[in-house]
Amino acid sequence: MKAFTPIGEHGLIGDLQTSALVATDGTIDWFCHPRFDSPSVFASLLDPERGGHFRISPDTDAWESQQLYLPGTAILITRFLTPDGVGEVVDFMPVIEGGANDRHRLVRLMRVVRGRMRFVVECRPGFDYGRRAHRTEITDNGAVFRTDDGDAVALSLVRRPGAAPSEYVKPTVQDGAVHVAVTAAVGDAGGIVLDTAPDGQGGPVTLDDVTGLFEETRDFWRGWVARSQYRGRWREHVERSAITLKLLTYRPTGALVAAPTAGLPEQPGGERNWDYRYTWVRDGSFSVYALLGLGYTEEAEGFLHWLAHRVEEAAGGEGHEVDPLKIMYRVDGSSDLTEEVLDHLRGWRDSRPVRIGNGAFDQLQLDVYGEALDSIRLGDAHGLPLTYWGWQRITRIIDWLCDHWDRPDDGIWETRGGRKDFTYGRLMSWVALDRAIRLATDHAKPADLARWTGARDAIFRQIMDRGWDPGREAFVQHYDTQVLDAALLYTPLVGFIAPKDPMWQSTLRAMDKELVSDSLVYRYDPSASPDGLRGSEGTFSMCTFWYVDALARSGRLDEARLTFEKMLTYGNHLGLYAEEIGPTGEQLGNFPQAFSHLALITAAMNLDYQIDHGVGTLGALPGERWLAS
C-alpha cells in the first residue's frame with residue numbers, strides 16, 4: 001500500500017482559477033478542475049489508491065529530491081539527485097487572462113542537468129474524487145482520459161524539434177493509467193502537458209511551445225512581484241506569502257479561497273477534517289490589509305468588489321428583510337455548501353471522515369461584520385471609496401446589527417458545540433459599528449448616528465462587564481467560561497483597548513502561560529471548552545503571527561522579533577504554511593492556508609514599523625489612524 005506524503009512536502013502551482021499540489025517525489029496528488037471548489041482529477045493526497053495521481057520520478061530507488069521555486073515566480077522545480085545524474089521536473093500552470101475558463105494546463109518539463117537519467121511517468125486520473133471511472137485512449141500526441149458523462153483530460157507528450165517518428169516515445173496503458181519512460185542525457189529536455197480542454201483533445205506540443213509558455217508564466221509572476229512596495233527585513237518570506245495569496249485568488253471574481261485543499265486533518269487520525277476551498281468573508285477581509293500594505297491595490301479592490309455583492313445580497317432592497325451575511329461562499333458568490341462525506345476515501349493517514357462542502361456555511365458568526373467593515377474602511381482610506389448604493393446597503397446591514405448584536409453566535413472557530421456569547425463576536429460587532437460611524441462622519445454620509453453610537457457603546461460596556469474575568473485578570477472566550485481564546489489577541493489590534501492598558505497586559509500574560517508553546521499559539525483548549533468534536537489540534541499559525549503583533553505593540557519588541565524569527569523556521573522547505581503546526585513541527589490542516597500567509601505579511605509589516613519607529617507606535621498602514629483617536 002502506498003504511503004501518504006507529509007502535508008508539508010508539497011509546493012503549490014496555479015493559474016489564478018485553480019491550483020495543484022506537487023509533492024517532493026514528483027507527484028501531483030491534488031488538482032481540481034475547473035475551479036478550486038470543483039471535483040478533483042487527482043486526489044491521492046487523500047487516498048493513494050483511489051484518488052488519482054500524476055507522477056514523474058527517476059527510474060531507480062536510489063534518489064534524493066529537493067524543491068525550490070524559480071525566484072520571484074510560482075514555477076516549481078523538483079530536483080532529483082541520483083548516482084548517474086541530476087534531473088529536474090519544472091512544474092507550472094500558464095496564467096489565465098480574462099474570465100472563467102474550462103481549459104487549464106499542467107505543464108511538466110523534464111530536463112537533465114548532469115549525467116544521465118531515466119524518467120518514468122505514470123498518470124492515473126481519479127475523476128470526481130475517484131468516484132467516476134474513465135476510459136484511456138492512446139492518441140497521436142499522447143493519450144486522452146474520458147468519463148462516460150463527457151469529462152475528459154488530454155495528455156500530450158512534448159516533441160523535440162525535428163524528432164523522427166522512431167524517436168517519439170509512445171505511451172502504454174495499464175489498468176487505466178498511462179505509463180511513459182524517457183531516457184535523457186545532460187542538456188536534453190522534454191515534457192508532458194495535461195490539458196483540460198473541453199473536447200479532451202490536446203494538439204501536438206513542441207518544446208518551443210512549452211518554452212514560450214514557461215517564459216510567459218515567468219514574466220507574469222516576476223512582473224507582479226515587482227509591484228510590491230515591501231522593502232522590509234523579511235522580503236523573501238513576504239514575497240513568497242504574497243505569491244501564495246495570489247495563487248489562492250480566483251481571478252474572475254476577486255475571491256480568495258481559504259486553502260486549495262479539502263479533508264486534511266488538524267490531528268492525524270482525527271475528525272477535524274474540513275473543506276476550505278471556499279471564500280470566507282473573514283479571511284478575505286483580513287487579506288485587504290496585507291494586500292494594501294504591499295501596494296496591491298488592484299487585488300484588494302477585486303476582493304472588496306466581491307464583498308460588495310455579498311453585502312448587496314444580504315441587505316436586499318427597501319421593503320425586504322435584511323438577511324445575515326453568510327460566513328463563506330463559493331468563489332462565484334453562491335452559498336450552497338452542503339456538506340458531504342466521501343466514505344470511499346481513506347483520508348490523509350486514515351483521518352476520516354473526508355468532507356467536501358462545509359456545514360458551517362449557515363452558522364451565525366457576528367464577527368464577520370467587523371472584519372468586513374474594517375476592510376471597507378481601510379479600502380476607503382486607500383482610494384477605494386464606497387458608492388452611493390454601497391453606502392445605502394451598509395446602512396441597512398448596520399441597522400440590522402444594532403438589533404442583533406446581543407445574541408449568541410457560533411464563534412470565529414466554527415465550533416459545533418452550540419451558540420454562546422463569544423467575546424470575539426461582540427468585539428468585532430463593536431468594530432463594525434465603530435468603522436461605520438467613522439465612514440459616515442468622515443464623508444458626511446446619512447446615518448442614524450445616535451442609534452449606532454448607542455449600540456457601539458453598549459457593546460463596549462458589556463465586554464468590559466462580562467467578557468473580562470476579574471479572577472483570571474483576562475478577557476475570556478465567552479461570558480460563561482474562564483477559558484482563554486487566542487482570537488482575542490486581535491483586541492488591541494483593532495483599537496478596542498490600548499496595548500499598554502493593564503487589563504490587556506494581564507490578558508497577554510495569561511495567554512503566555514496557557515496558549516503559547518515555544519512561541520507557537522493554540523487557539524483555545526478544547527478539553528476546557530468543549531467544541532462538539534473529538535480530539536485535539538495543533539497550534540494555529542495565524543494566531544502565532546497575531547501574537548507577534550500583540551507583543552510588539554505591548555512593548556515586548558525583542559520577544560516579538562524572536563517569536564517571528566522562530567515561526568519562520570516552522571514553514572516548510574518552500575516557506576509555505578498549513579493551517580496548524582503539530583507537536584513535532586509538522587504541517588497540519590489544509591495547505592497552504594491563506595490565513596497563515598496573510599498574517600505573516602501583516603506581522604512582518606507591523607514589526608518592521610515598530611522596530612523603525614519605536615515601540616507602541618501605530619501600525620504600518622495609514623488606514624490605522626483610528627488607533628490614535
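**Exercise 1. State how many cavities of 30 Å³ or more the count gives, and describe the second largest cavity.**

Solution. The count comes to 7 cavities of 30 Å³ or more. A cavity is a set of points, on a 1 Å grid over the protein atoms alone, where a 1.4 Å probe fits but cannot get out. A volume is the space filled by probe spheres set on the points, which are joined across faces, edges and corners. The model is predicted: local features need pLDDT of at least 70 and side-chain atom pairs pLDDT 80 or more, while totals for chains, interfaces and linings use all residues. Residues are numbered from 1 along each chain as its sequence is written, and side-chain values use heavy atoms, without hydrogens and water.

Next, take the second largest cavity, with about 250 Å³ of space. Its lining (residues with an atom within 4 Å of a point) has 24 residues, and Tyr276, Trp413, Glu414, Arg523 and Glu579 are the closest to the centre. By class, this lining has 11 nonpolar, 3 polar and 10 charged residues. Here Ala, Val, Leu, Ile, Met, Phe, Trp, Tyr, Cys and Pro count as nonpolar, Asp, Glu, Lys and Arg as charged, and the others, Gly among them, as polar.

**Exercise 2. Describe the largest pocket and find which helix supplies the largest share of its lining.**

Solution. A pocket is an open set of points with protein on both sides within 12 Å along at least five of seven lines. The largest pocket holds about 450 Å³ of space. Leu304, His305, Ala308, Pro385 and Leu386 are the closest to its centre, out of 18 lining residues. Helix 5 (297–315) and helix 7 (388–404) each give at least two residues to the lining; helices are DSSP runs (H or I, at least four residues), numbered from the N terminus. The largest share, 8 residues, belongs to helix 5.

**Exercise 3. Determine how helix 11 is oriented relative to helix 12.**

Solution. Start with the axes, which are lines fitted to C-alpha atoms over the stretch in contact, with angles from 0 to 180 degrees between N-to-C directions. Those of helix 11 (residues 541–553) and helix 12 (residues 557–568) come within 7 Å and cross at roughly 160°. Helix 11 is therefore roughly antiparallel to helix 12, a term for angles over 145 degrees. Finally, inspect the contact (heavy atoms within 4.5 Å): among its residues are Phe545 and Leu551 of helix 11 and Phe564 and Met567 of helix 12. By class, the contact has 9 nonpolar, 3 polar and 1 charged residues.

Definitions and conventions: Parallel < 35°, antiparallel > 145°, perpendicular 65-115°, else oblique.
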